[in-house]
Amino acid sequence: MSGARLILKNMLSLSVAEIAKQGLMVIFTIYVARVLSPEGFGIINFAKAFVMYFILVVGLGYDTYGTREIAKDKSTLHKNVNTIFTIRLLLSSIAYIVLIGIVLSLNKPDLVKIVLIIVGTQIFSNAFLLNWVYIGLERMEIVAIRQVAVSILNLIGVILLVHHPDDTIIAVIITSASLAINTIWLIVYYIREFGVIKLDFDWAYFKQMTRSSLRLGLIFFIITIYNYLNINMLGFMKSNVETGIYSAAFSITLFSLVPSSIFQNAFFPNFSRAEQREDRIKIMSKFSLLSYMFGSIIAVGLFTFADGIVIIFGNKYLDVLPVIRVVMITVLIMYLNINFSSPLIAWKMESKVLYAIIAGGITNIIANIFLIPKYGAIGAGIGTILSETAVFIGLARTYYLTVRKFEFFKLLVLILLSILSCGIGYILCIYGLNIFVSAILSFIVYFILIFAIKLITLNELMGYLKR
């Protein structure tokens, strides 16, 4: 199968899966948020954010390293899987013991501690998850099936068993168990296809792998710091209710980044193989167009029609409206940063990306210290805007020095078209049209305008995937 056809196949697989997964996840999140109220929802998200640091320390960037190496040379499959599995078995065991020790020493209610310990079991589920193997093999349908399966189990579980604000512990047991089941399923699937996973520790290979993966791990660790630190700091400095309010807005941010996740996974193997400047520019022209096209309308659309999100979450979340509008500004910058960071990592420029991420992390910590005590959830959102801007400056400079070309003109046009189309929808909403219908019409108008001014034609859009 040609590279372009494989991109199309992978993107379709991931798109169908992500749409199904995120559709289920939206229902799951809204259901849990409404049933548990902002307090219970805040406790769960505080625990997830807290445990995420341990998950990333155990991950240490080995996923991306393994994906990149397998994409370039499939004969390294067994060596990478066996080595990474062995390392993570040791790291995850140590991490969970450390987590329990820290949790027991926290000055938090017993409910919060219990939730933290249960969510902590996800350290093991994520450590042994083999998604990265099938991304490297460019068999995204396997990844897609697993993603949908996790979402289905989560949704069925909470609908059957979570009915009251006191069911917080039951909710986290369901999410942790479903992730564990799917991790085990993927391991079994791998064993049936490629053979038993062996504990293998080659010191020389371990050092080679760790030198590269450590930089990758630090990148994702620091990204998580300034993504999830807001929730952690709100959890320690403010109430569970305010943490829940910000978590609701943050969950919308995660949903809005779904297209970028699809594009990254589908294009990453091709980024890894593009070594010449001309090849990089060619593949990036396709990737950038898709990123900017969807990132613009999603960020502007959710900013414009944020009232609809409040309606979905319920009256207990009225305070989330201004927070959503703040974080949507962040989403637009995030799409820009992902557009640069994913190819740069594939081109083995992890250290350059790391410097930009560190600048963003430091910016976020300083901003949160000053803004959260006074402005709460809105302050946390503003801090994220500042941190993403710092990252953007660093990544944009590195990217330009690498390929000597930007696609910012198309981005500017797409943002203006997004504002125009959402403005039309908002005016219709003011005059009585349902807010959700107005949002859908804005989306339709946006793509009509894109095709009308021939920024890109439908045939060209398909050609970007087929050539």
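The structure is a predicted model, in which local features need pLDDT of at least 70 and side-chain atom pairs count only at pLDDT 80 or more, while totals for chains, interfaces and linings use all residues. Residues are numbered from 1 along each chain as its sequence is written, and side-chain values use heavy atoms, with hydrogens and water left out.

The protein holds 18 helices and 0 strands (DSSP runs of H or I with at least four residues for helices, and of E with at least two for strands, numbered from the N terminus). Its radius of gyration is 22 Å, close to the 23 Å that the globule rule gives for 467 residues, so the protein is as compact as a globular protein of that length. Here the radius is taken over C-alpha atoms, and the rule is 2.2 Å times the number of residues to the power 0.38. Of the 467 residues, 58% count as buried, meaning under 20% relative accessible area with a 1.4 Å probe and protein chains only; exposed means over 50%, and partly exposed lies in between.

Turning to charge, a search of the whole structure finds 1 salt bridge, defined as a side-chain nitrogen of Lys or Arg within 4 Å of a carboxyl oxygen of Asp or Glu. Arginine 325 pairs with aspartate 307, their closest N and O atoms being 3.1 Å apart. The pair links distant parts of the chain, 18 residues apart: arginine 325 belongs to helix α14 (residues 320-346) and aspartate 307 to helix α13 (residues 306-313). Arginine 325 is partly exposed, at 22% relative accessible area, and aspartate 307 is partly exposed, at 31%.
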